[in-house]
Amino acid sequence: MNALRSTVKELLGSGAIDVFVGYEKGTRLPRPLLAASADEADKLIFDETCTGNLAVYLTRKDLVGGKKAGVAASWYAMRSICRLLDENQLQEGAVKVFGLTPEGDLKPFDTLADLKQHVQETPPPPKPVEDEWVREIDAMPAAERWKFWTGELSKCFKCYACRAACPMCYCTKCIVEVNRPQWLQPWAATMSNVEWQLNRVMHMAGRCADCGACGAACPLGLPVHIIAHKMAKLVAQSFGEPTDKGSVLSTFNPNDEENFIL
Amino acid sequence: MSAEFEPKILAFVCNWCTYAGADLTGTSRIKYASNVKIIRFPCTGRIDFMLLLKAFAGGSDGVIVSGCHPNDCHYTSGNFHARRRWMLFRGLLDFLGIDVRRIRFSWVSAAEGAKWAEVVNQTVADVRALGPYSEYQKAAEFVAGNEDVLLKEQEVAQ
């Protein structure tokens with residue numbers, strides 16, 4: 001913790017970074033803190049409880065736009081950052097990434113190549129709870145799945161916290177704000193809520209880091225991250241793990257295997 | 001008039017293969033079920049997944065999506081992209097409990113007039129057996145058909 005604070009102060013002091021996106025102590029879980037001065041840097045913490053995906057702030061023009069940023073990244077945030085770099089949403093050199101070693105020590109990444117190598121070589125933290133959800137829902141008959149999801153999503157009041165929390169949802173004009181044509185009814189209603197989640201997850205297909213930030217952000221605690229988790233599984237099953245050679249839906253392989261097209 | 005349920009089927013087809021194939025079915029005088037309405041697209045790659053959902057919400061009981069065989073795309077790779085999209089979308093719909101048996105995907109070339117008739121007849125028979133897709137339409141009409149109920153809910157007691 002002290003290592004992080006002193007490193008951040010040093011980087012801020014030397015002008016190597018303008019702002020550090022990190023965590024401070026929260027009521028229950030650590031909360032995000034954008035530290036731009038030595039005083040603020042003194043509030044920073046970074047340990048294994050810091051699991052929120054801070055990559056989402058790196059593309060926010062109002063907070064980080066045009067500045068050189070440092071970021072404290074969990075494994076899933078690192079995967080998001082790699083993806084954002086691949087999609088040209090971040091510039092190499094404009095972002096300095098810090099992770100944690102298994103022992104809890106600070107681990108700085110000097111280059112993008114280092115970060116990518118680390119993400120590829122380190123297995124993702126297991127998600128037993130999410131896996132169990134998917135297993136249970138898959139085991140239901142279709143009618144019961146429909147009842148479950150329409151029941152859950154009928155509660156959604158379209159606050160779009162799931163969108164705001166997602167590092168990959170960086171479009172400045174989202175499909176839900178487009179009204180020519182109006183694909184999604186803007187009010188909260190069961191079907192348009194379902195359609196919104198389908199859109200969200202389809203647009204994230206193969207790009208999603210599967211960090212679960214969408215579900216954690218939901219003020220109603222709806223299991224929307226389970227849909228994203230299922231999509232990550234579908235992508236891996238159908239096309240293998242996503243690579244940095246284009247996104248899954250904007251590339252293709254003539255030998256893609258399906259079993260349902262006549 | 002028989003009392004049998006007549007499903008409404010919407011077909012999203014590509015201009016270069018299936019649309020021409022369906023034309024061939026007609027010029028070959030092959031009879032097939034008249035439940036299907038065909039919508040022509042430049043390419044299967046153009047068929048947005050939202051269109052399928054809108055078809056169900058608008059009252060369709062079944063959907064056919066059809067285009068050129070792999071390697072035959074007029075635009076070289078539109079159907080390959082579409083295939084990837086359908087693979088993920090179909091799995092996702094199934095996970096949410098939407099009835100994927102009501103969506104028929106097929107490749108029908110401009111020379112396969114007989115195959116088009118077969119695809120349509122088979123889809124109509126299958127969807128007829130499944131019955132109307134009222135679960136989906138009911139959810140879609142949450143507001144459209146329930147204004148009175150919702151207004152009552154919003155009333156403030158005097």
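Colleague: In this predicted model, how many residues of chain A are in contact with chain B?

Modeller: An interface is read by counting residues on either side, with two residues taken as in contact if their C-beta atoms lie within 7 Å; here 33 residues of chain A are in contact with 33 residues of chain B.

Colleague: Which helices of chain A each supply at least two residues of the side that touches chain B, and what classes of residue does that side have?

Modeller: The elements in question are α6 (142-153), α8 (190-203) and α10 (224-239) of chain A, and the side of chain A that touches chain B has 25 nonpolar residues, together with three polar and five charged ones.

Colleague: What ipTM does the predictor give the complex?

Modeller: The complex receives an ipTM of 0.88, alongside a pTM of 0.89, while chain B taken by itself averages a pLDDT of 88, with 91% of the residues scoring at least 70.

Colleague: Which domains does the assignment give for chain A, and how far apart do their centres lie?

Modeller: The assignment gives domain 1 (2-121) and domain 2 (128-250) of chain A, whose C-alpha centres lie 26 Å apart. Their contact takes 13 residues from domain 1 of chain A and eleven residues from domain 2 of chain A; on the domain 1 side, five are nonpolar, five polar and three charged.

Colleague: In what order do the elements of chain B run?

Modeller: Chain B has six helices and four strands, and from the N terminus on these run β-α-β-α-β-α-β-α-α-α. Of the 158 residues of chain B, 49% count as buried.

Definitions and conventions. Residues numbered from 1 in each chain as written. Chains lettered and ligands numbered in written order. Predicted model: local features only at pLDDT ≥ 70, side-chain atom pairs only at ≥ 80, totals over all residues. Nonpolar A, V, L, I, M, F, W, Y, C, P; charged D, E, K, R; others polar. pLDDT = per-residue confidence, 0-100. Domains from an automatic or database assignment. Buried ≥ 20, exposed ≤ 12 C-beta atoms within 10 Å, placed from the backbone.
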